[in-house]
Amino acid sequence: MIDLDTYLSRFFKLSECVKDDVDELRPEHVSCLTKLSNWVLDPLRVRFGPLRVNSGWRSQRHNDALRARGLGASQTSAHLYGGAADLVSIDGHSPGEMCAWLAMDGKVLPYDQAIDEYRHSAWLHIGIQRPGNIGNPRRQLLAMRVVDGVDTYSDWLESSLGALSDLEVTPTEPQGGGSIRG
Ligand SMILES: [Zn+2]
């Protein structure tokens, strides 16, 4: 019998990462959730404060149900082996802020894939590699937006730089004083 009150890491309890179909939860799922919590969730929690886990481990049935509802669950989702979590910051940090941190200071974290997701609401999906396949994580950072009704993934950094280049930049006249004269 798996005790849902167990702490996986300093900050995360198993009950936060397992919502449904508890009878199908296996020790290997818990082991993977433990790695996810220690390697990735705790450092994000330290940086961004309290985080709500909207979805952690998912049973096949639960994942299939999400797919049927068009809620963006992948057939080979890392949630199925307990290797991913969908996070929302309680203090209002956006998934974009978290991705920007993952691209900079957080780039040492051994995450395999992180996605700045936006459908009806926004969250950060973050996952680690499948058990038995641990090593050289991809650290793939993606943005997901629904474009004309289709889930569209793009490189997060490129899409962020694209958003920046859309801004109007007004050149400022040199004010003098900064120039070097003889
Ligand atoms: Zn997810």
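Predicted model: local features only at pLDDT ≥ 70, side-chain atom pairs only at ≥ 80, totals over all residues.

Biologist: What makes a stretch count as a helix or a strand, and how many of each does the chain have?

Modeller: Helices (H or I, at least four residues) and strands (E, at least two) are DSSP runs, numbered from the N terminus. On that basis the chain has five helices and six strands, and the order from the N terminus on is α-α-β-α-β-α-β-β-β-β-α.

Biologist: Which residues of α4 are buried, and why are they placed on the same side of the helix?

Modeller: The buried residues are Pro-95, Met-98, Cys-99 and Leu-102, where buried means that 20 or more other C-beta atoms lie within 10 Å of a residue's own, exposed means 12 or fewer, and partly exposed is in between, with C-beta atoms placed from the backbone. They cover an arc of only 100° around the axis, the arc being that of the directions from the helix axis to the C-beta atoms, and therefore they lie on the same side of α4.

Biologist: Why is Glu-24 called partly exposed?

Modeller: Glu-24, which lies in the loop between α1 and α2, has 14 C-beta neighbours inside 10 Å, and because that count falls in between the two cut-offs, the residue counts as partly exposed. Its C-alpha atom is separated by 6.8 Å from that of Ser-59, although the two residues are 35 apart along the chain.

Biologist: How do you know that β1 and β6 are edge strands?

Modeller: Two strands pair if DSSP finds at least two bridges between them. Six strands form an open sheet in the order β1-β2-β4-β3-β5-β6, with mixed pairing, and β1 and β6 each pair on one side only, as edge strands do.

Biologist: What makes the pairing mixed, and which strands run parallel?

Modeller: β3 and β5 run parallel and are joined by five bridges, whereas β1 and β2 run antiparallel with four bridges. Four bridges also join β2 to β4, again antiparallel, and β5 pairs with β6 (residues 150–155) in the antiparallel sense over six bridges. Both senses occur, and the sheet is accordingly mixed.

Biologist: What is meant by the largest nonpolar core, and which element gives the most to it?

Modeller: A nonpolar core is a set of buried Ala, Val, Leu, Ile, Met, Phe, Trp, Tyr and Cys residues joined through C-beta atoms within 7 Å. The largest such set here has 34 residues, and those with the most contacts inside it include Cys-17 and Ala-85. α2 gives the most to this core, with six residues. Leaving aside neighbours within four places in sequence, Cys-17 is in contact with residues including Leu-33, Val-53 and Ala-85.

How values were computed. Residues numbered from 1 in each chain as written. Contact = placed C-beta atoms within 7 Å.
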